Amino acid sequence: MTFRFRLQATDGMARTGVIDTPRGEVRTPAFMPVGTAATVKAMLPGSVRETGADIVLGNTYHLMLRPTAERIAGLGGLHRFMNWERPILTDSGGFQVMSLAGLRKLTEEGVTFKSHIDGSRHELTPERSMEIQRLLGSDIVMCFDECPALPASDDEVARAMRLSMRWAERSKDAFGDRPGHALFGIMQGGVTQELREESARALVDIGFDGYAVGGLAVGEGQEAMFGVLDYAPGYLPTDKPRYLMGVGKPDDIVGAVKRGIDMMDCVLPSRSGRTGQVFTRHGVLNIKNARHQDDPRPLDDQCSCPACRGYSRAYLHHVFRSQEIISSMLLTWHNLHYYQQIMAGMRGAIAEGRFADWEAAFHKEREAGDIAPL
Ligand SMILES: [Zn+2]
């Protein structure tokens, strides 16, 4: 069975469809929980699936350092290793080398760096990134690219983009012919329309199974990000999935889907679950706030997740303040469940041609704010 994308309906620029892979379907728009170190923190794989996720993301940078791609391959690949048999997308390692590693040296060939764990020296090149992602057994492989932090000068953004396009070509060559597995190119170019268009053309000339919009959600702000998304998806083929990397808050996700994005990933719902930040239909609440300590009501009386079905705000406040492990488990589950509810809501609305109404209701409910304290 091969990898393919079936576009099923559009509503304005918003799209819904299905990505077929040998490991199962990915319904789009899709939100991918982040399983950095071969685990979505505080969640069992079966629980991740119960939230509605079709696919998770793994991080090449973390896995190559520990436990190493070779070790995971020897143990049967990442799916078996982490007990998640559905699709996995892996990033290329490029972004996290830039954000986490020490003593980086960037050349035309690739990047050498020191591990943030033990200071050991490593090299990542397009060829090595493709080899690592093959050893992991990733279903969707990302090209190795360089993502400069914004703000950066136009010259710097252009230099990094053109280097990334040369690396995209090397990534494609190194990826080779792997039926059932997909390779996605990554558009760069910062917030400059001409550079985005140049990058998209270069990628489409090479030819990929899907296309990511990279280099956003790196500090430019939502307005600038939406500014790029107003035109960038239009440079990409309509018959391939479009992936916005590292996004975002619920309203970022809705705004991106409205502009033609099919896939997203972000650590926010899982990380926030561990820091007590809760996303609901009514916006964001902080469970450590004293207003919750005597409140017998659930986080959201319409949410069907285990945290909302079985526990009061008072209990969740207590276990968070007591640093009990169940706090991270329940709040992460709720946040991931809420994100997947947003995705399911958008998929249904796009299919039925009522995305604008759905979006208006989404914003209205959030603007009303959390339920009043008792
Ligand atoms: Zn819930």
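1. P67 sits in the loop between α2 (60–65) and α3 (69–74). Helices here are DSSP runs of H or I with at least four residues, strands are runs of E with at least two, and both are numbered from the N terminus. R66 and P67 are joined by a cis peptide bond, with omega about 15°. This is a predicted model: local features need pLDDT of at least 70, side-chain atom pairs count only at pLDDT 80 or more, and totals for chains, interfaces and linings use all residues. Residue numbers start from 1 along each chain as its sequence is written.

2. A cis bond also runs from V247 to G248, with omega near 0°. G248 lies in the loop between β13 (242–244) and α10 (250–258). Most peptide bonds are trans, and most residues other than glycine have a negative phi. Both cis bonds deserve a look.

3. Positive phi comes next. N83 has phi near 65°, a positive value in a residue other than glycine. N83 is in the loop between α4 (78–82) and β6 (88–90). N83 is exposed, with 11 other C-beta atoms within 10 Å. The burial scale counts other C-beta atoms, placed from the backbone, within 10 Å of a residue's own: 20 or more is buried, 12 or fewer is exposed, and in between is partly exposed. Q323 has phi near 55°, also positive in a residue other than glycine. Q323 belongs to the loop between α13 (313–321) and α14. Q323 counts as exposed because it has 8 C-beta neighbours inside 10 Å.

4. UniProt, in an unreviewed entry, places the feature "domain: tRNA-guanine(15) transglycosylase-like" at residues 12–367. UniProt positions follow the numbering used here, feature names are shortened, and annotations may be inferred rather than shown by experiment. Over residues 12–367 the chain is 44% helix and 18% strand. The end C-alpha atoms of that stretch are 24 Å apart.

5. Where do C303, C305, C308 and H334 stand in the record? UniProt lists them for "binding site", in an unreviewed entry. They span 32 residues in sequence, yet no two of their C-alpha atoms are more than 8.2 Å apart, so they gather at one spot. C305 is in the loop between β16 (283–286) and α12 (306–310). C305 is buried, with 24 other C-beta atoms within 10 Å. Not counting residues up to four places away in sequence, C305 touches W333, H334 and H337. Contact means C-beta atoms, placed from the backbone, within 7 Å. H334 is in helix α14. H334 is buried, with 28 other C-beta atoms within 10 Å. Beyond its neighbours within four places in sequence, H334 contacts V278, L299, C303, C305, A307 and C308.

6. A separate "binding site" listing in UniProt (unreviewed entry) covers D91, S92, G93, G94, F95, D145, Q188 and G215. Q188 lies in the loop between β11 (182–187) and α8 (193–206). Q188 is buried, with 30 other C-beta atoms within 10 Å. Leaving aside neighbours within four places in sequence, the contacts of Q188 include D145, C147 and G215. G215 lies in the loop between β12 (210–213) and α9 (222–229). G215 is buried, with 32 other C-beta atoms within 10 Å. With residues up to four places away left out, G215 touches C147, Q188, G189 and G190.

7. Helix α7 (residues 154–175) and α8 pack at about 10°, with axes 10 Å apart. That makes α7 roughly parallel to α8. Axes are lines fitted to C-alpha atoms, for helices over the stretch in contact, and angles run from 0 to 180 degrees between N-to-C directions. Under 35 degrees counts as roughly parallel, over 145 as roughly antiparallel, 65 to 115 as roughly perpendicular, and the rest as oblique. On the α7 side the contact includes V157, A158 and M161; on the α8 side it includes L195 and S199.

8. Are α11 and α14 roughly parallel or roughly antiparallel to each other? The axes of α11 (residues 268–275) and α14 (residues 325–351) come within 7 Å and cross at roughly 150°. The two helices are therefore roughly antiparallel. Among the residues that meet are P269 and R274 in α11, and L331 and Y339 in α14.

9. F31 is in strand β4 (residues 30–33). F31 is buried, with 26 other C-beta atoms within 10 Å. Not counting residues up to four places away in sequence, F31 touches I253, M264, Y339, Q340 and M343.

Technical notes. Contact = placed C-beta atoms within 7 Å.
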